Structures are given as structure tokens and as C-alpha cells.
Amino acid sequence: MAEAKGRRVAFAFDIDGVLVKGTKPIPGGRETIQLLQRHRIPFIFLTNGGGHTEEAHVAKLGQRLDLALDAKQFVQSHTPFHDLVPEYGEKTILALGGHGQQIRELARAYGFKKVVTSSDVMAEYKHIHPFPEMTKAHHDEHARGDGKLAATQISAILVFTSPRDWCLDLQVVSDLLQSAGGLIGTRSPKNGDRSLPNNGYLQDMQPKLFFCNPDFEWSTEHEHPRFAQGAFREALNGVWKHATRGQAKLDYTIFGKPTEATYLYGERVLREYSETLQASSKIDTVYMVGDNPESDIVGANSFKSRHGIQWKSILVETGVHVAGSVPSHQPHHTAKNVKEAVEWALKQEGIRTD
């Protein structure tokens with residue numbers, strides 16, 4: 001076990017822009033993970049990616065890196081949605097993101113038994129999409145339902161991954177947030193009532209809204225970062241502001257880095273995994289290695305552990321952050337890549353791995 005003077009170090013890794021870029025491994029990533037595995041140094045993957053179960057996603061990453069990985073080390077952006085199952089598992093939810101049956105199957109695997117997608121909504125409400133020409137065939141193929149949506153209360157909207165058909169999803173979410181009791185096709189008479197909180201908006205049992213990825217953009221194989229779920233959220237905020245004439249706040253809950261909720265969840269997973277390695281001492285320091293100052297770095301810098309663990313941030317130059325530019329949030333250290341990041345951290349802790 002790699003320890004130094006009774007202390008123990010651990011790591012949390014972002015994935016996109018740190019270990020892989022698109023589908024391609026980043027040089028040094030595989031060797032770095034192997035190093036930590038050999039020396040039984042605990043680590044987790046703390047990513048704003050998602051779209052699959054933890055088991056499926058870790059298998060995909062393991063295949064790309066040619067490594068054996070454990071799903072218990074994997075915290076995706078929507079992993080904290082597990083904690084919503086006790087409240088919404090038996091109620092109808094609208095699940096957004098991905099394509100085909102991907103998100104429906106994911107939500108059901110988490111324990112949500114009554115799952116509706118925007119494809120289902122479009123199948124029953126033929127004219128709900130303002131401009132269906134380019135995506136109608138996809139929705140027709142993947143819609144499921146029993147024709148009873150008009151009488152079905154949608155209790156929550158869970159955005160699992162970045163929505164693909166923004167036009168439809170923005171329309172459906174806006175409709176539901178202005179509905180009477182979460183019923184599609186209705187409008188609440190309370191909307192605009194200045195005698196009520198929030199000028200009457202979201203005061204009529206409309207569905208609760210949950211996001212899980214604050215990232216505005218993410219690193220792909222394109223030369224510049226691309227829009228992520230955070231961009232969809234900003235678009236919805238703009239639509240909401242105009243639809244309510246600026247009279248109402250859009251209420252929602254958000255998980256994912258850099259939110260405290262996700263770092264609390266991630267630290268819990270890391271401590272539990274560390275115990276499986278039969279550690280002789282508790283974790284003292286966690287190094288968060290990421291490529292995005294707006295999520296990885298600010299999240300680690302601002303997080304206050306409930307267990308006396310110190311979180312430190314390392315920014316790598318293989319993803320969103322461009323070498324030579326000034327990051328919006330300063331890390332404890334900047335490294336060219338994940339290999340140099342881990343080598344620096346272990347040296348700081350006085351841990352030799354040779």
C-alpha cells in the first residue's frame with residue numbers, strides 16, 4: 001500500500017480530456033492507472049459524462065484503455081439520481097437525453113418504473129414539435145406508450161445527458177413547467193398571478209426539474225469544445241425568461257461537477273472503495289485531476305470535506321484548458337497530461353513508486 005508517514009493519498013479523475021478524447025485514449029493515461037492499481041492507491045472516476053449505467057460505462061472505458069476497472073469506482077453526472085428513486089421510483093418521470101431507447105433503459109435500470117421520453121410525447125401529441133421534419137422518423141421509431149399521457153401526471157423531469165432534439169425538448173419542458181399539475185397539454189390558471197409566490201409560476205404541482213451536468217461545453221475530437229448539457233440549460237433559461245416575461249424564476253436542482261452534492265457523493269464512493277483495499281489509514285488528501293477549470297478545478301477548490309480530507313486540484317492541458325491560456329480558476333498545479341499530474345502529486349506526498 002502506497003502511504004507516506006501515516007498519510008494516504010487518493011485520486012479523482014475526470015475522463016474526457018484527461019484519459020480519453022472522444023473515443024481515443026490520451027497517451028500516458030493507461031500507464032498512469034496501471035501504476036495506481038499496482039500500488040493499491042485508491043482512485044475514482046468523477047465525470048460529468050453519462051448516458052449509460054455505471055457498469056456499461058466503466059466497461060467501455062476499460063475497453064478503450066485496455067484495463068480492468070471496477071464500476072464501484074465510477075461516478076457519472078447522473079449517478080446521484082439513484083438517490084431520487086425513493087421519491088420518484090413509482091411516479092411518472094420524463095427522462096431526457098441520448099437517443100433511441102438509451103435513456104429510457106438507463107432510467108429503468110436505476111429503478112424508475114414509469115418512464116416517458118419526448119418521443120413518447122410526440123407520438124401522442126402529433127403537433128407538439130414546432131419543426132418535426134428532420135427528427136420525426138427517429139421519434140416514430142422509438143416512441144412507446146399506451147395513449148394515456150393526457151391523463152398522466154409527470155412528477156419530475158430528469159435530464160440524464162445532453163438532449164439531442166433541442167427544439168422538441170425545450171418545447172415539452174416549457175409546456176410542462178407551465179402546465180396544471182404536470183398534465184401535458186394544459187396551462188395552469190395560476191401562471192402570472194402576482195398574488196402568489198413566483199408570480200404564480202411553478203405553484204400548481206408542476207414537475208420538479210433536475211439536471212446533472214453543469215458543463216457548458218466539453219472536449220471532443222473537434223478542434224474546439226462543443227456544447228454540453230449546460231448549454232441546453234442556458235437555452236431553457238432564456239426560453240423561460242421570455243415565456244414568463246421575466247416575471248418568474250426557473251427552479252431546478254443540479255448535480256454534476258462542480259456542485260457540492262456531486263463532490264459529497266464522490267467522496268463517499270472514494271472512501272468506500274478505499275476500504276475495500278484494506279487500508280491501514282484513512283485518506284488524507286485527494287487530488288482531482290481534470291481539464292476543465294469551470295467544473296473540475298473550481299469544484300475541488302471549493303469543496304469542504306465532512307471527513308477532514310483535503311482536496312487539491314490539478315489542471316491538465318489535454319482537453320478544454322489550452323496550454324498558455326489563463327484558467328478562470330487557478331489549480332494547485334498545472335501539468336501537461338495525466339501522467340505528469342500523478343507523478344507530481346505522488347512526489348508532493350513523498351510516495352515513491354519505483
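Predicted model: local features only at pLDDT ≥ 70, side-chain atom pairs only at ≥ 80, totals over all residues.
## Helix 1 and its partner

Helix 1 covers residues 29–38, and helix 11 covers residues 338–348. Their axes come within 8 Å of each other and cross at roughly 30°. Angles under 35 degrees count as roughly parallel, so helix 1 is roughly parallel to helix 11. From helix 1, the contact uses G29, T32, L35 and L36. Helix 11 supplies V338, K339, V342 and L346. Sorted by class, this contact has five nonpolar residues, two polar and one charged.

Which residues of helix 1 are buried? They are G29, T32, I33, L35 and L36. Viewed down the axis of helix 1, these buried residues fall within an arc of 155°, so they line one face of the helix. An α-helix has 3.6 residues a turn, so residues three or four places apart point the same way. Just after helix 1 comes R40, with a positive phi of about 55°.

## Helix 2: length and faces

Helix 2 runs over residues 54–65. How far apart should the ends of its 12 residues be? At 1.5 Å a residue, the helix should span 16 Å. Its end C-alpha atoms are 16 Å apart, which agrees.

The buried residues of helix 2 are E54, H57, V58, L61, G62 and L65. Seen down the axis of helix 2, they fall within an arc of 135°, so they line one face. The face turned away from that buried side carries E55 and Q63, which are exposed. After helix 2 comes D66, whose phi is positive, near 55°.

## What helix 2 packs against

The buried residues of helix 2 have several partners. Among them are two helices: helix 1 and helix 4 (102–110). Strands also take part. These residues pack against strand 3 (20–21), strand 4 (24–25), strand 5 (43–46) and strand 6 (74–75).

## P207: a proline in a loop

P207 sits in the loop between helix 7 (166–177) and strand 10 (208–211). Is P207 buried or exposed? Its relative accessibility is 4%. Buried means under 20%, so P207 counts as buried.

What touches P207, leaving aside its neighbours within four places in sequence? Its contacts include I154, S155, A156 and I157. P207 is also in contact with L176, L177, S179 and G182. E221 is 14 residues from P207 along the chain, and their C-alpha atoms are separated by 36 Å.

Conventions. Residues numbered from 1 in each chain as written. Heavy atoms only, no water. Helix = DSSP H or I, 4+ residues; strand = E, 2+ residues; numbered from the N terminus. Buried < 20%, exposed > 50% of the residue type's maximum accessible area, 1.4 Å probe, protein only. Contact = heavy atoms within 4.5 Å. Axes fitted to C-alpha atoms, helices over the stretch in contact; angles between N-to-C directions. Parallel < 35°, antiparallel > 145°, perpendicular 65-115°, else oblique. Nonpolar A, V, L, I, M, F, W, Y, C, P; charged D, E, K, R; others polar. Arc of directions from axis to C-beta. Expected span 1.5 Å × (residues − 1).
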